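User: I'm new to this structure and would like a close look at one residue and the charged pairs that go with it. Please take me from there to the rest of the chain.

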Amino acid sequence: MGFRCGIVGLPNVGKSTLFNALTRTAAAQAANFPFCTIEPNIGEVAVPDPRLERLARIAGSKEIIPTRLSFVDIAGLVRGASKGEGLGNQFLANIREVDAIAHVLRCFEGGDVTHVEGRVDPVADAQTVETELMLADLESIERRMQNLARKIKGGDKEAAAQARLLEAARAVLEEGRPARLAAIAEEDRPALARLQLLTTKPVLYVCNVDETAAATGNAHSTRVAEMAAAQGAGVVVISAAIEAEIALLEDEERAEFLADLGLAEPGLDRLIRAGYQLLGLITFFTAGPKETRAWTVPKGTLAPQAAGVIHGDFERGFIRAETISCDDYVAFGGEAGAREAGKMRLEGRGYVVQDGDVMHFLHSG
């Protein structure tokens with residue numbers, strides 16, 4: 001399942017440095033000039049989850065396989081991108097292909113890295129990018145409404161439903177607010193998301209601070225947090241420069257380095273988990289002597305569809321799922337102990353998979 005989180009922002013805010021640290025590669029060229037990233041770079045990262053090791057130890061697994069998330073490093077946007085400035089059309093197309101947006105904002109001072117607009121103001125930077133995305137959405141809605149008009153005259157109900165959602169999105173965009181804030185019924189949200197408007201995608205603000213503010217944040221990141229709270233968006237404080245250093249260290253050195261900085265874990269771990277949550281994803285596990293493995297599904301996934309993530313035949317021939325919560329699996333020493341304690345449940349087709357479920361699927365064929 002290809003869940004993709006796009007890394008966006010103005011040029012020179014630390015996107016490529018962050019991406020390099022995420023993937024521990026130099027695939028994205030980090031340089032101090034705009035548009036050094038012309039093609040989007042895609043890197044898969046493991047989602048940190050301490051539950052995996054605990055389950056694997058109890059199950060006596062030979063291998064541990066974490067679930068993964070794709071990050072896409074998208075070249076820097078500038079004012080006028082919606083009209084094609086700074087290779088804007090290409091960049092906007094790349095954003096359209098991701099499921100969520102991690103918006104990197106420069107929250108550090110320092111004259112050695114040039115800001116494309118000559119100032120450090122992360123809130124204004126966020127508004128610049130959001131404005132370009134909103135303008136692109138308005139233009140897209142205008143084109144779509146013209147195409148839908150003919151179908152609606154012919155009595156096409158699906159076209160009428162799309163037009164209703166596009167009108168709701170246009171109303172908030174014209175107020176200068178993103179389409180994700182459109183006043184529509186909750187059950188219409190999936191249909192709105194399928195229309196692929198740029199500003200319907202969930203957003204996580206990533207405050208890139210200097211080393212001294214990595215543990216506590218600073219005045220710039222505080223302003224971003226206030227903006228995010230008002231929008232119902234997520235926020236993570238991280239130092240891309242520190243993460244780039246950490247990515248090159250061995251595990252023991254990394255722990256010592258983090259302790260010296262007053263950090264409990266790498267900022268990238270928090271960023272990856274926040275991106276995972278932003279996409280509305282949960283993890284279930286399979287555990288046995290061969291391997292303990294984490295699997296990704298969207299919240300609300302039913303047991304047969306979760307089985308299908310492992311293998312299509314499991315979904316087609318689904319009978320039931322033997323299910324133990326991760327906490328119970330650990331507390332009772334594994335499957336046998338949980339079964340004896342009455343903590344194993346037999347769940348059917350209507351069961352909604354919960355984060356942390358340890359599952360064994362019974363199927364025919």
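What relative accessible area does glutamate 139 have?

Analyst: Glutamate 139 has a relative accessible area of 35%, so it counts as partly exposed. Here buried means under 20% relative accessible area, exposed means over 50%, and partly exposed lies in between, with a 1.4 Å probe and protein chains only. A word on the background: this is a predicted model, in which local features need pLDDT of at least 70 and side-chain atom pairs count only at pLDDT 80 or more, while totals for chains, interfaces and linings use all residues. Residues are numbered from 1 along each chain as its sequence is written, and side-chain values use heavy atoms, leaving out hydrogens and water.

Now to the partner. Glutamate 139 makes a salt bridge with arginine 143, their closest N and O atoms lying 3.4 Å apart. A salt bridge here is a side-chain nitrogen of Lys or Arg within 4 Å of a carboxyl oxygen of Asp or Glu. Side chains of opposite charge can pair when their charged atoms come close. Both glutamate 139 and arginine 143 sit in helix 4, four residues apart, which is about one turn of the helix. Arginine 143 is partly exposed too, because its relative accessibility is 46%. Helices (H or I, at least four residues) and strands (E, at least two) are DSSP runs numbered from the N terminus.

Glutamate 130 forms a salt bridge with arginine 180, with 3.0 Å between the closest N and O atoms. This pair links distant parts of the chain: glutamate 130 is in helix 4 (residues 122–153), and arginine 180 is in the loop between helix 5 (157–174) and helix 6 (189–194), 50 residues apart. Both glutamate 130 and arginine 180 are buried.

By this rule the model has 15 salt bridges. Another of them joins glutamate 335 to arginine 339, whose closest N and O atoms are 3.0 Å apart. These two residues are separated by about one helical turn, because they are four residues apart in helix 14 (residues 335–340). Glutamate 335 is partly exposed at 32% relative accessible area, and arginine 339 is partly exposed at 44%. Elsewhere, salt bridges with shared partners connect Asp49, Arg51 and Asp355 into one network.

Finally, the strands. Strand 1 (residues 4–8) has four of its five residues buried, so the rest of the structure largely encloses it. Strand 1 runs parallel to strand 4 (residues 68–73), joined by four bridges; strands count as paired if DSSP finds at least two bridges between them. In one of these links, arginine 4 is partnered with serine 70. Four bridges also join strand 1 to strand 5 (residues 100–106), again parallel, with valine 8 facing histidine 103 as bridge partner. Strand 5 is mostly covered, seven of its seven residues being buried. Strand 5 in turn runs parallel to strand 6 (residues 203–208), with six bridges between them, and isoleucine 101 has valine 203 as its bridge partner.
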